[in-house]
Amino acid sequence: MKAAVVNRPFGLDNLSVIDVPDAHISDDEVKIRVAYAGINPVDYYIISGLRNVNPVPHIPGSEFGGYVEEVGSKVKNLNKGDRVIVYPRVFDGTCDLCISGKEYLCRNGGIVGGITNGGFAEYAVVKYQNVMKIPNNVSWEKGVSLPIAGLTAFHALIESGIQPGDTVVVVGASGNTGQFAVQLAKKMGAKVIAISSKPWVKELGADEVVNMNQALNALQRVNGGRLADVVIDSIGSKTVGRSIKLLDTGGKFVTFGALTGQTASMIISEIYSREIKIIGVTGGTRRELSRLIDLASRNEVRPVIWKVFSLLDIKAAISSLFSRERNGRILVKVSG
């Protein structure tokens, strides 16, 4: 089968599409003929060797879906031809965090496509616990945007404790997670200010679409003089300081991305004097992903797609993450 493979020394220049041996399954695994895959920053970090990578040579790709091709002897309720997406967290189901319902934080886990081979290939093999069916009315473009882009945003909003009537600022609102955060926050009853240069974000339900310098004035218009209850920021060091300044007393700063850098400075007194809460999130639960699939089946959430690449053009797809022309999600079509 054809697969995108990276080898040491890690890096995008050492990623190539080659023929590799066909994938075989064990009793508790499922073989998937990959239809589409989503491109996310985590894929770049894995290819660059900035995340734990196993095995090496390695097939990356953490967000993908396709058709069930084969199931192991212990697998129930899945059949050849089923349309499925993959929950992207490896988990053992036995540690204290898994037992408490936080399998995405498993002490012995990691991410599919990072500590296992992933979905940038014609076929992929995953544990059956990671496989979730999607209905026929959910397109591949929509389905493969749920496991990372959609789920991370959904989990972030749930962890923030958002309530109807809250005001939410989404920084990076046209990005993978940002576009879902806008839609989901609005669905949860929030007033939404989107920080983006892309006017189409307004069509996702944002009350205002502004740049960071216009955010305070937008809050005045939308929130009657109060600042934000929640700020969702997936950008990183470039925006952290300004994002915190947008929060009202008791507000919550939610972070899960570092595209512009891993470190940031802030004024400590701004945090404690206004009792700002800082919430870090990563991934989400299978139950949350199931809820997202239901929302997608009712057309209540959707991704905005910029470009779809072929597997042979995987390098260009990954590189496009950082293009200034990028205008929505990037996908890879592997098969129809």
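Q: How many helices and strands does the chain have?
A: This is a predicted model, in which local features need pLDDT of at least 70, side-chain atom pairs count only at pLDDT 80 or more, and totals for chains, interfaces and linings use all residues. Residues are numbered from 1 along each chain as its sequence is written, and side-chain values use heavy atoms, with hydrogens and water left out. Helices (H or I, at least four residues) and strands (E, at least two) are DSSP runs, numbered from the N terminus. On that basis, the chain has ten helices and 17 strands.

Q: What is the radius of gyration of the chain, and what does the globule rule give for 336 residues?
A: The radius is taken over C-alpha atoms, and the globule rule is 2.2 Å times the number of residues to the power 0.38. The chain is as compact as a globular protein of its length, because its radius of gyration of 20 Å is close to the value from the rule for 336 residues, 20 Å.

Q: What percentage of contacts in the chain between residues at least 6 apart in sequence join residues at least 24 apart?
A: A contact means heavy atoms within 4.5 Å. Among the contacts between residues at least 6 apart, the part that joins residues at least 24 apart is 70%.

Q: Which helix supplies the largest share of the lining of the largest pocket?
A: A pocket is found on a 1 Å grid over the protein atoms alone, as an open set of points where a 1.4 Å probe fits, with protein on both sides within 12 Å along at least five of seven lines; lining residues have an atom within 4 Å of a point. The largest pocket holds about 1500 Å³ of space, where grid points are joined across faces, edges and corners and the volume is the space filled by probe spheres set on the points. At least two lining residues come from each of α1 (41–47), α4 (146–160) and α5 (176–187). The largest share, five residues, is that of α4.

Q: Which buried residues line one face of helix α6?
A: Helix α6 spans residues 215–223. Its buried residues fall within an arc of 105 degrees seen down the axis, so they line one face; the arc is that of the directions from the helix axis to the C-beta atoms. On the other side, Asn217 and Arg221 are exposed. The buried residues are Ala215, Ala218, Leu219, Val222 and Asn223.

Q: Which strands do the buried residues of α6 pack against?
A: The helix itself is followed by Gly224, which has a positive phi near 60 degrees. The buried residues of α6 pack against β10 (167–171), β11 (191–195), β12 (208–210) and β13 (228–233).

Q: Is Ala121 buried or exposed?
A: Ala121 lies in the loop between β7 (110–111) and β8 (123–127). Not counting residues up to four places away in sequence, Ala121 touches Met1, Lys2, Ala3, Val34, Ile59, Leu311 and Val334. Because its relative accessible area is 0%, Ala121 is buried.

Q: What is the relative accessibility of Lys133?
A: Lys133 is part of strand β9 (residues 131–133). Leaving out residues up to four places away in sequence, Lys133 touches Asn77, Leu78, Asp82, Arg83, Val84 and Ile293. Lys133 counts as partly exposed because its relative accessibility is 46%.

Q: What is the phi of Glu275?
A: Glu275 is located in the loop between α8 (268–273) and β15 (277–280). At 55% relative accessibility, Glu275 counts as exposed. Although Glu275 is not a glycine, its phi is positive, about 50 degrees.

Definitions and conventions: Buried < 20%, exposed > 50% of the residue type's maximum accessible area, 1.4 Å probe, protein only.
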